[in-house]
Amino acid sequence: MSSLSAKIQDVFNEPACDKNRGKDAKARKQGCAKPLTPGAAAGGCAFDGAKIVLQPITDVAHLVHGPLACEGNSWDNRGSASSGPTLWRTSFTTDLAALDIVMGQGERKLFKAIRQIKQAHAPPAIFVYSTCVTALIGDDIEAVCKRAGEKFGLAVVPVNAPGLAGSKNLGNKLAGEALLEHVIGTVEPDDAGPHDINILGEFNLSGEFWLVKPLLDRLGIRVRACIPGDARYIDVASAHRARAAMVVCSTALINLARKMEERWDIPFFEGSFYGITDTSEALRNIAELLVRKGADRQILDRTETLIAQEEAIAWKKLEAFRPRLQGKRVLLNTGGVKSWSVVHALTEIGIEIVGTSVKKSTLEDKERIKQILKDDNHMFEQMPARDLYAMLSEQKADIMLSGGRTQFIALKAKTPWLDINQERQHPYAGYDGMVELVRQIDLAIHNPIWHQVREPAPWDCQADVKDELQGTESEAATLHAAEEFAGPTAGDFGEF
């Protein structure tokens, strides 16, 4: 655990983080995570965060070393999509029981599990995840993984991020550290070129990255590795030969981007593929970074031509929705990169943002929101459920965009709701994704069901019906009271 503690402190001391740069040296070493309260780690521990980052690497076997419940809680918890391998969708766990723990059989059981996976599936690599139980009993997963890798001739990667280490965000960063230490740089590609890039923090939710990759292909830009969305192990292992990188979610993998720049001189920037303007700006930044690294300057002209073509097509499609959505009010209850990128995307077509959550957003994210909305009052760290309900029931917003956890608040308030988080069913990235997002908002707001559920019941709006129902209820109550007063009759007892 001492090595894990040192790694955690190193992750906390992140010079690329704007918030950390504003602290003094002593405060920076104390880290960013707040002490966990009982129940706060449920669905959000370090193990869960590490699994989220690494599981979308699709041709790898992901083996959880711990009790069965750890794998059951984290399996398939994001809507990432794969264009090929399906091994990542298979659950592998050592399923430690009480007797295994008492008898010290954890490491032996882990070694046997690695051998079984090798024989049955022959993956290019196996990722082994530590959990709270195996960390507490002292199982040395790094030693077992090293021995198994030598024995079976494949990469066995230890992911030392037990849930007790901290929050989900810490697990994201520890997963990046595992890739740096054991995966990236282990394979030398024979086809490296001047237009190779990495995309970091893109999870390919609902296949979103597939809407962006064709744009890069048309520019002659090759994605060496998309980490982790729809990734392959060999692509991640050779990611150190990319010329530039884009970070989609800095709160998750900013440490990976910075250290790859330090080790292999891969410059990076933070961008977004949500919205027309942000997608165009991301393409420009990618092209500019590649030119700085030696690519032909003609790529800049090709990029501008592509942007002009795609923006014209997208705006033409969006114009059909503008009259129906102009002035509509949206409450955005999410965080991270979506707190500003989706805000920017929606304001482009005339939608008003009445509030956006910034709970998981960085200081840079918040500054971007201020520049877009010109009002700090529209930002909130965390809004209690009762306040969300009050805001929606008073019809201060026409629709709420959030994750599945708060959908029932909107439905109870008889307000349209659209999933914008990882469980969503539609891709919203890129030019086509922006059109799809606006189309889904339009469908949700103008769904005729909302007009029906908001109408008062007939007995609340028609006086004659209401009086008739009250009279019927009064007669029924009188009859019931009379029956009770009369008491039982001889017929109630049957024949003697």
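Two cavities of 30 Å³ or more turn up in this predicted model. The second largest cavity has a volume of about 40 Å³. The chain around these spaces has 496 residues, and 50% of them count as buried. Its secondary structure comprises 24 helices and 13 strands.

**The second largest cavity**

- Its lining is made up of Lys7, Glu142, Pro158, Val159, Asn160, Leu174, Ala178, Glu181 and His182.
- Two elements give two or more residues to this lining: β4 (155–159) and α10 (168–182).
- Helix α10 supplies the largest share, four residues.
- By type, the lining residues of this cavity split into four nonpolar, two polar and three charged.

- Lysine 146 sits in helix α9, which spans residues 141–152.
- Lysine 146 counts as exposed because its relative accessible area is 58%, over the 50% cut-off.
- Proline 158 lies 12 residues from lysine 146 along the chain, and their C-alpha atoms are 8.6 Å apart.
- Proline 158 is also one of the residues lining the second largest cavity.

**The second largest pocket**

- This pocket has a volume of about 250 Å³.
- It is lined by 18 residues, and those closest to its centre are Gln395, Asp398, Lys414, Pro416 and Arg454.
- The elements giving two or more residues to the pocket lining are α19 (385–393) and α22 (448–454).
- Helix α22 gives the most, with four residues.
- The pocket lining divides into seven nonpolar, six polar and five charged residues.

**Nonpolar cores**

- In soluble globular proteins, nonpolar side chains tend to be buried together.
- The largest nonpolar core here holds 55 residues.
- Within that core, Ile197, Leu346, Leu401, Leu437 and Ile441 touch the most other members.
- What does leucine 346 contact, leaving aside its neighbours within four places in sequence? The partners are Val330, Ile351, Ile353, Leu401, Met434, Leu437 and Ile441.
- A second, separate core has 46 residues, including Ile8, Phe47, Ala165 and Ala245.

**Contacts along the chain**

**Cysteines**

- How many disulfides does a search of the whole structure find? The search finds zero.
- Is cysteine 45 buried or exposed? Cysteine 45 is buried, because its relative accessible area of 15% is under the 20% cut-off.
- Cysteine 226 also counts as buried, because its relative accessibility is 7%, under that cut-off.

Methods. Residues numbered from 1 in each chain as written. Predicted model: local features only at pLDDT ≥ 70, side-chain atom pairs only at ≥ 80, totals over all residues. Heavy atoms only, no water. Core = buried A, V, L, I, M, F, W, Y, C linked by side-chain atoms within 4.5 Å. Buried < 20%, exposed > 50% of the residue type's maximum accessible area, 1.4 Å probe, protein only. Contact = heavy atoms within 4.5 Å. 1 Å grid on protein atoms, 1.4 Å probe; cavity = no way out; pocket = protein on both sides within 12 Å on 5 of 7 lines; lining within 4 Å. Points joined across faces, edges and corners; volume = space filled by probe spheres on them. Nonpolar A, V, L, I, M, F, W, Y, C, P; charged D, E, K, R; others polar. Disulfide = S-S within 2.5 Å.
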